[in-house]
Amino acid sequence: MTLAMALRAYDGLVLATDSRATGGPHQSVDTSEKFLQVNRDIGVMTYGLALPGYTGISRLVETVKSKREELTYFKPIADEAGSIFQRAYVDWLDSEKQQGREAPPEFKVGFILGGYDSATNQFKVSHWESPEFQEREQGDLLAAQWHVARFLLNKLFYPEISVEQLGELVVFLLVETAVSEPTVGGPLQLATITLSQGFQRLHEQDINEILRRSQKRFCLFRKILLETFSDEAAGLTAHLNDKVGQADALPKP
Amino acid sequence: MGNMIIAIQTLNGMAIAVESPHLARSEEIQNIISPNQHTVLAYHETLPLGQQMVEGILQQHVDLEGDVFSIAEQAANLFGEFVTQNSICDPIGFLFLGYAPDGRGAMLGWFHVGDQTRTTRFFPFCVSRTCPIAGYLVNKLYAPDISLTKALELAAYAMTQSQIVLVGKKIIKHEYFSLAAIHPDRGFFWLDRETTESIIRKNEERDRALRIACTELFVDRNW
């Protein structure tokens, strides 16, 4: 499984996944590529079944490169993407059948396309999942192992958040999920999409730097959780308000 | 379709939170029974099948006796025979929670998936696999010296937060889940509506405090 996210900031989008691929209860590798740049303003991610997932996103990138004149804006790329993803899934099912294997129906593959649409001047997120591959436009999207991230996002997200801060929040969500979900983990894959910069994939060292800066934040969040559940704090919102005022332990960039 | 169960063992009892049947999409299913005063059997996986097994095996044909270890062993044998004879492949599971007469507490799981059956012992807490949020919260907030009261509050908070995310609306009524406890001396008992509601209110206050405390966690403080 995976945690895949496409989240909307005030000034752009953040796309992120982990890199773990699991092939059974005790088999996993952290080398899965689930994330590709489609053009200047658009990125694509996959989750679930690794093989048809990677085939789908790489075929989309090849197709957009070969049809640059037609596939410039978000909508025509999204229109093309659905059938490419479905074909990748059907091809994989066929190859499994040829090898005498039947894919269980609960094994799914999903795709997320996120980017800036110059035609409408809006940031957009679209989502497809097997077996229907019906396109769904989303505001924000958390897919696959999304539960813990959604719980945290409900507490930590604010709509005025900038892309830069949202990138830090996304790293926080991925790490907190990875420590509690064995099927999520490995190097983080993260990109931002803004009007001025387009699709910008963060290098491993940039993500490591965010992780380093976030160490105090992990500790502070744990402390807040524990204090919220301490006898001292039970029923005393004002007490915690004071505590927050004193908690000057946030990371400095 | 599984139902959510959270059980936390403490120094002075075992706290239990179980999702109410109508959130599990069936009004007629009881998802927890107490074979004796010190033992609880909770459905962990597919509910209708679990109910069929409990009604067909435990309640009609066999009177289980003894402590939680003995009951779990007897039931595991009977369930094993049942799934083999009926070629059941759907996932199903039960939790046996309780105290032995010598004061030992235990949380024992029996699971059947495909054609395989396994038993597991949980300690110090057990969170059914349908609630990763509950697992996350209990892992973060459990402490070895937690009291029974605090464990009930934690189980209720973990259950409510899971339901808010999974059901997609705020859960504020006590009907959405039930709280129970097994005390080494007093045995098994359900918490009444008033107590459960007071815990929910206390947790709402906690949750509000948590949100306030987290407000500036992702703000650059250089302004």
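Which element gives the most to the lining of the second largest pocket? H4(B) does, with three residues. This is a predicted model, where local features need pLDDT of at least 70, side-chain atom pairs count only at pLDDT 80 or more, and totals for chains, interfaces and linings use all residues. Residues are numbered from 1 along each chain as its sequence is written, chains are lettered from A and ligands numbered from 1 in the order in which they are written, and side-chain values use heavy atoms, leaving out hydrogens and water.

**The second largest pocket**

- A pocket is an open set of points on a 1 Å grid over the protein atoms alone, where a 1.4 Å probe fits, with protein on both sides within 12 Å along at least five of seven lines.
- About 280 Å³ of space lies in this second largest pocket, a volume being the space filled by probe spheres set on the points.
- Its lining (residues with an atom within 4 Å of a point) has 15 residues, and those nearest the centre are Phe229(A), Leu141(B), Ala143(B), Ile146(B) and Lys150(B).
- Two or more lining residues come from each of helix H5 (204-228) of chain A, and helix H3 (132-141) and helix H4 (148-167) of chain B; helices here are DSSP runs (H or I, at least four residues).

**The cysteines**

- There are zero disulfides over all chains, a disulfide being a pair of cysteine sulfur atoms within 2.5 Å.
- The sulfur of Cys219(A) has its closest cysteine sulfur in Cys214(B), 14 Å away, which is too far for a bond.
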